[in-house]
Structures are given as structure tokens and as C-alpha cells.
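Subject: Handover of a predicted structure

Dear colleague,

Please find the structure below, which I am passing to you together with an account of what was found in it. I would be grateful if you could read the account with the model open.

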Amino acid sequence: MLKSIRLRLTITYLLLIVTVMVVTGLVLLNMLEQYYLASEEENLERTGRLAADLMAGYMQDGADAVMLSGVAENFSRQINARVVIVNRHMLVVGDSVHLGGLLGTKMDRPEVEGALQGEIGRSTQYSHLSEQWVMQVAVPIAEGGDPLGAVFLSASLNTVYETLGAIFRFLVLSTVVAVLLAGGLSIIFSHHLTKPIKELTQAARRMAEGNLDQNIPATSGDEIGQLAQQFNIMAAKVKEMNQRLTRFVADVSHELRTPLTSIHVCLQSLQNYDMGPEEQKEFLQDINQETQRLIYLVEDLLDLTRRQEVADKRELFSLNEVLNDVLEVVVPRAERKGLSFFTDIADNLPSLNLSPEALKRVLFNLLDNAIKFTPSGGWLKFSAKYSNNEVCIAVQDTGCGIPEEALPHLFERFYRVDKARSREMGGTGLGLAICKEIVELYGGKIAVESREGEGSTFYLTLPLEGRPGA
Ligand SMILES: Nc1ncnc2c1ncn2[C@@H]1O[C@H](COP(=O)(O)OP(=O)(O)OP(=O)(O)O)[C@@H](O)[C@H]1O
Ligand SMILES: [Mg+2]
């Protein structure tokens, strides 16, 4: 029940309006009733006093019932109320109503009793006889503190309640009109409010169904507009990630297929042709080489997925020691290829708090590339310095260099300038991508400067301050 925001909003508005109208109406009616009754009472009292002053004179002069009734009738006409005069024994000595009046009867009523004791008696009650609400006031008639009798006035409250009834009907009508108007307006308003939410829901549903190309109009600057904007950003990111994932899977499959096809061809040849042991050995060597390449590829892929795990294994180590470990392995390899190796390592290098294995992985790949892509007779230079709270490492070579158009793609996964040549050398094209991911995880940067045919320099910067977890 009440599942839609639109319905809930409309009902809330309507309840609000009805509540406000009912409360305001009740307060207003109550105030008006008090006001009308007070002014009616004041009117009766004022007339009663006037009549009492006049009656005091007449009664002292011994005026008879006809005379007193005549005066009472005059007052009665002025204020539209019944006027009765009683003497000090509560006997009616004058009545504005002649026919069927109370003349001669005893008016034993609390208001009259009160008036005979010098107070003004008041009451408002429902008269079953005339079937209406009446207000009664009794004013004492006195002369020099001596009670002579009382003037009793009784007025119908019909006009008051009729007026209040008319106001009540008007209020009910206004409430109905307000509810209809507010209902209509709130339906329009809530439609505008919930329209973008509906669009968002539909777009999210379409995304869940696999259609990632979603962009909804975010026209308003309010919370819903901001939500729509964020949704569009999220949708674009999801789409981009999906495209990257698809490309990655395609690249991986492609990379796996090449060595697997070679292995398959070698195995088929071994199976189908009669060969001498020498030839068989060659084929087996090829299979071994391709299998090795597959192992490297899978290891690199695992490194890519585990990079966060690797980067999280932090420990404090001396950078100088790690660089020495790396060079101990790499320098002999370079020299074996006929390359000269120069180093320029500052001895004030700081200790770092990151994974030494991850750092070695980066350095090995940069140095491995430098050796791989520099023909014998060339030279390499490895330098490391520390300044401005940053460690800067550079790997320079005099190798084949990298063409300018290839530079922006160098750190992309599976990118190789010369695919065939690089594959021949056993490269998967993942090395630099892994380096970049690791370095950036530690808040560092990796860059390259290269000129085709002259050589390349790779720069690595690792911040000491402000690095995550430092
Ligand atoms: N020092 C360099 N000199 C010339 N070209 C380079 C150098 N370093 C990298 N490259 C180019 O960049 C490409 C990408 O390098 P990367 O290290 O990512 O892959 P790879 O060395 O081919 O394979 P892997 O590192 O996975 O074994 C290389 O194939 C090569 O074309
Ligand atoms: Mg490499």
C-alpha cells in the first residue's frame, strides 16, 4: 500500500490541508461564537439597565401592570427580546408579551433571584418549549439600595447560530475547494518531482539488463538533478570499465592463442611425421619455449590482478640495499650481452616503507627492457637520487629507441612497438603496464623520454611524504 511516492506526496498534501482547514475553522468558529454571545449579553445587559432605571421610577409611582407592560414592550421591540418585569416578591408585574404572557405568575428563576439580591443574573440554555437556544439576563430594579424588583430579558440566539452555521458551511465549502485545488496541484507537482526518479529507475533497469549506454537528462540542479548527474557519471564509468574488460579479455585470448597454436602445430607434426631424434628435439624445444612463454604470460596476468595484494605487503627497507640486489643480477646479464653498465647511485637514499618485491618487479622490468632493446656494444646507465622528499630513479639506454607515436601507448597492457620482434624476445607487453600500476599505487609516477634510433630513458619518481600508508 502507498508504494508510490507520488501517491504518498498527494495524500500528505491533502491531509495537511484538511488538518489546517479543520483546526483553523474550529478555532475561528469558537472565537466567533464567543464574540457574538458576549456582544448579545452586553446588549441585553445595557438595555436591562436602562429599563431598570426607568422601571424604578414607574414602580415607585405605583404604575400598574398595563403601564409596565407597555414600557416592557417598547424595550422588547428595540432589542428583539422578551422583557418581563417582576416585583420584589418575584411576581410578574409587566410582560412584553400580552397574549399568554406571564402577568400575575411567580417567576421563580435563579437569574431573577440573583437580581433581587443586587446581582446581574445570566444564563444561556436550550429552551425545549421554543426549541431554540436562548440567552437570559436579569437586572435588579433598585432605589437607594432598596430592591424593588427585576427586569428579566430573554433573547433568542437563533440569529447568532444561523450566522455561525453560514460561516461553518462556507468553511466546509472552502475546504472542499482547497482540497480539490491542492489535490490537482500536488498531482502535477509530484508528477514533475517523480518523473526524473522514474527515468533513473528505468535507466538503472536497462543497465541491469546489459544495456550500458545510458544517459538521462539532468536538467535541475536539486538533489534529484545531482543524483541524475552522478548516475550518468557512474553509467559512463561502468561502460568504460566494461569496454576495458572486453578488450583485456580479447587481448589475453589473443596472446594465449599464439603460443598455444605453435604448441599445437609442433605436437601435430610430432604425431603425424616420422622424424629423426634431432628433429624431434628441435620440436620439443619449441614446445618448451612456447610453454615457458605461456607461464610468463600467466604470471604477469596474475601480477596484474594481485597488484593491490603485493602493494599492501609493506615493510621498511633500505633502498640502497634493494638497488644493490637488483644490480647484482642485472649487471652480469648486460655485460654478457656486450653492454657497458654505468651506475650513479647516491648513498644518502632513504629507507622506504613499501613492498620491496613490488619495487624489484618494476626495476627488473625497466632494466630487462633496456638490455633487451639495446644491441651489443651499447651502454646502459642506472641512476638514483633523493631530493625534495622524492626518490628519482632513471634507467637510460642507447638502444633502438621508441617512435614518438608509440610513446602515449607504451604503458598500455599488451602494447609492443614491434609485436613480432618483442614476441620473439619472449615479451608479453605487460611489463610496463604492471610497472605503472604498482608505481601509481604508491603515489609515484613513471615517465619516458625516447628518440628512435638513439635510445630511451625511463624515469621513476616515488614520493616519501604523503604516500598512502607512509
Ligand atoms: N628501453 C626500451 N627501448 C625500446 N623500446 C622499449 C623499451 N622499453 C620498452 N620498449 C617498448 O615498449 C614495449 C612494452 O614494454 P613492456 O615492458 O611493457 O613489454 P615487453 O618488454 O615487450 O614484455 P614483458 O615486459 O611483458 O616481458 C616493448 O615491447 C617495446 O616495444
Ligand atoms: Mg618488458
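The helices and strands named in this message are DSSP runs, numbered from the N terminus, with at least four residues (H or I) for a helix and at least two (E) for a strand. In those terms, Gly210 belongs to the loop that connects α4 (158–208) and α5 (223–272). Please bear in mind throughout that this is a predicted model.

Glu131 sits in the loop between β3 (121–127) and β4. Glu131 counts as exposed because 8 other C-beta atoms lie within 10 Å. Its phi is positive, near 50°, although Glu131 is not a glycine. Asn389, in the loop between β9 and β10, is also a residue other than glycine with a positive phi, in this case about 60°. Asn389 has 11 C-beta neighbours inside 10 Å and so counts as exposed. For context, most residues other than glycine have a negative phi.

Strand β1 (residues 82–87) pairs with two strands described here. With β5 (residues 146–156), β1 forms six bridges in the antiparallel sense. Within this pairing, Val86 is bridged to Ala150 of β5, and Val83 has Leu153 of β5 as its partner. Four residues lie between the strands in the hairpin of β1 and β2, where Met90 adopts a positive phi near 70°. Is β1 largely enclosed by the rest of the structure, or largely open? Five of its six residues are buried, so β1 is largely enclosed.

Strand β5 also pairs with β4 (residues 132–143), antiparallel and through ten bridges. Val134 stands opposite Ser156 of β5 in this pairing. The hairpin of β4 and β5 has two residues between the strands, and Gly144 has a positive phi near 55° there.

Met67 is part of helix α2 (residues 65–79). Because 15 other C-beta atoms lie within 10 Å, Met67 falls in the partly exposed class, between the limits of 12 and 20. Met67 and Val93 are 26 residues apart in sequence, and their C-alpha atoms are 9.5 Å apart in space.

Helix α8

Helix α8 (residues 319–336) has 18 residues, and the distance from its first C-alpha to its last is 26 Å, close to the 26 Å expected at 1.5 Å a residue. At Leu327, α8 bends by about 30°. Its buried residues are Leu319, Val330 and Ala334. These buried residues pack against elements including β6 (315–318), β7 (340–345), α9 (356–372) and β10 (390–397). After α8 comes Gly338, with a positive phi near 85°.

Among the buried residues are Gly431, Cys435 and Glu437. The elements covering the buried residues of α11 include α6 (277–305), α7 (307–312), α9, β11 (445–451) and β12 (455–463). Gly443, which follows α11, has a positive phi near 80°.

Which residues come nearest to ligand 1? Of the 24 residues around it, they are Asn369, Arg416, Val417, Gly427 and Gly431. Two or more residues of this shell come from each of α9 and α11 (431–441). By class, the shell around ligand 1 holds ten nonpolar, ten polar and four charged residues.

With kind regards

Terms used: Residues numbered from 1 in each chain as written. Chains lettered and ligands numbered in written order. Predicted model: local features only at pLDDT ≥ 70, side-chain atom pairs only at ≥ 80, totals over all residues. Expected span 1.5 Å × (residues − 1). Bend = angle between axes of the 7 residues up to and from the residue. Contact = placed C-beta atoms within 7 Å. Near = placed C-beta within 6 Å. Nonpolar A, V, L, I, M, F, W, Y, C, P; charged D, E, K, R; others polar. Pairing = 2+ DSSP bridges.
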